[in-house]
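Today I opened the notebook to look up charged side-chain pairs. Here is the structure I worked from.

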Amino acid sequence: MSVTPVLEADVLRRQDPELAEILLGELTRQSTTLQLVAAENFTSPAVLAALGSPLANKYAEGYPGARHHGGCEIVDVAERVAVERAKALFGAEHANVQAHSGSSAVLAAYAALLRPGDTVLALGLPYGGHLTHGSPANFSGRWFDFVGYGVDAETGLIDYPQVRSLARTHRPKAIVCGSIAYPRHIDYAFFREVADEVGAYLIADAAHPIGLVAGGAAPNPVPYADVVCATTHKVLRGPRGGMLLCGSELAERVDRAVFPFTQGGAQMHTIAAKAVAFGEAATPAFTAYAHQVVSNARVLAAGLAAEGLVVTTGGTDTHLITADPLPLGVDGRAARGQLAAAGLVLDCCALPHGDSRGLRLGTAAVTTQGMGEGEMAGISALIAGVLRGRTDTRLARDEVRDLVGGFPPYPG
Ligand SMILES: *Cc1c(COP(=O)(O)O)cnc(C)c1O
């Protein structure tokens, strides 16, 4: 199967040159600039093939063996394979692979365990909580009463004593652990202990590290959390989507919270692509990949720190780094723009303490491309060069083009 079935089939180019041009433009952008967005990755040709398959045509409300539509006998097998692979990969008694996204998975977890108005304890948004962890702009902040814990001002690490004291004070119905920006491992055993002490459910939103968990490079929340929410498209390198993992006793509640409570028909092409990704993630090659992602992030973080950026928590245990570029004379927002002009694509993010914004970057995509520690050292030097005004933007852009040219995400 070809890398980009649609483009190589040339069908789109003939029928709709306007859209074909856009798709090819994005492929060119992805392969000529440096993808450092922490939440992104390059899916395999096999995953893309499943996404571009006729399973996209199939309506399949309900679950395998109990659908509201006819003709589901083949897609039922695909979903069963995806579920079995997810269970085996993460050691879970139950998996739901229908959630359309990470946010949908969190919505379903809340729907399974909570009632509107319940109190929920989660990492505060300024410290790396996700929108679904109580943002006033999101359903979560509107429908639940969120209390936020923070991180230690000195170390940047989760303020575990504060988690315990807020839990005792507010008696939440659920505690959420997980973040869009926290670069360190989470102490799931601690969260379990506090949840048990106050009679709360523990929801682990492992959207970011779940791929590292699959590769044995990060602790597994499954033994500790009542429900684990995740994405399949970040380090895990699957299609854009979500999933939930839980014990048998919550299986039915979780499934009903996804369908029919918060979603309609399952996206069978995406579910097939998730199965392909789970299959890939169970290989020794993926284990090696996950560990390389972390080694690369450590080298990149150390390089940025050596160049004078303030790296949150002093480093990373994962694929993810957040850093304050202010000592180089530029804040995160301006830095993101300067770096983008040089072909280095990353995010800016809230910093735990202080008013200016920082940079958030990750090594999942560049590691998929085959880059190693040597390239990471080069990238940190490049970032600092651009931000200090040491390297001319056009020169930096050429350097980036040369670098990524040696590591094409889709060879050929
Ligand atoms: C990425 C992320 C999500 C949301 O995933 P989407 O697929 O974008 O909806 C939720 N929670 C956390 C912690 C995340 O990092």
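**Salt bridge notes**

I started with Asp10, which is partly exposed at a relative accessible area of 29% (buried is under 20%, exposed over 50%, partly exposed in between, with a 1.4 Å probe and protein chains only). Before going on, I noted that this is a predicted model, where local features need pLDDT of at least 70, side-chain atom pairs count only at pLDDT 80 or more, and totals for chains, interfaces and linings use all residues. Residues are numbered from 1 along each chain as its sequence is written, and side-chain values use heavy atoms, leaving out hydrogens and water.

I then looked up the partner of Asp10: Arg13 makes a salt bridge with Asp10, with 3.0 Å between the closest N and O atoms (the term takes a side-chain nitrogen of Lys or Arg within 4 Å of a carboxyl oxygen of Asp or Glu). Arg13 is partly exposed too, at 43%.

Next I checked Asp347, which forms a salt bridge with Arg360 at 2.9 Å. Asp347 sits in strand 14 (347–349) and Arg360 in strand 15 (358–362), so this pair ties together parts 13 residues apart in sequence (strands are DSSP E runs of at least two residues, helices H or I runs of at least four, numbered from the N terminus). Both Asp347 and Arg360 are buried.

Arg298 belongs to helix 13 (residues 284–306) and Asp317 to the loop between strand 11 and strand 12, so the pair links parts 19 residues apart in sequence. Arg298 is partly exposed at 44%, whereas Asp317 is buried at 14%.

How many salt bridges does the whole structure hold? My search found 15.
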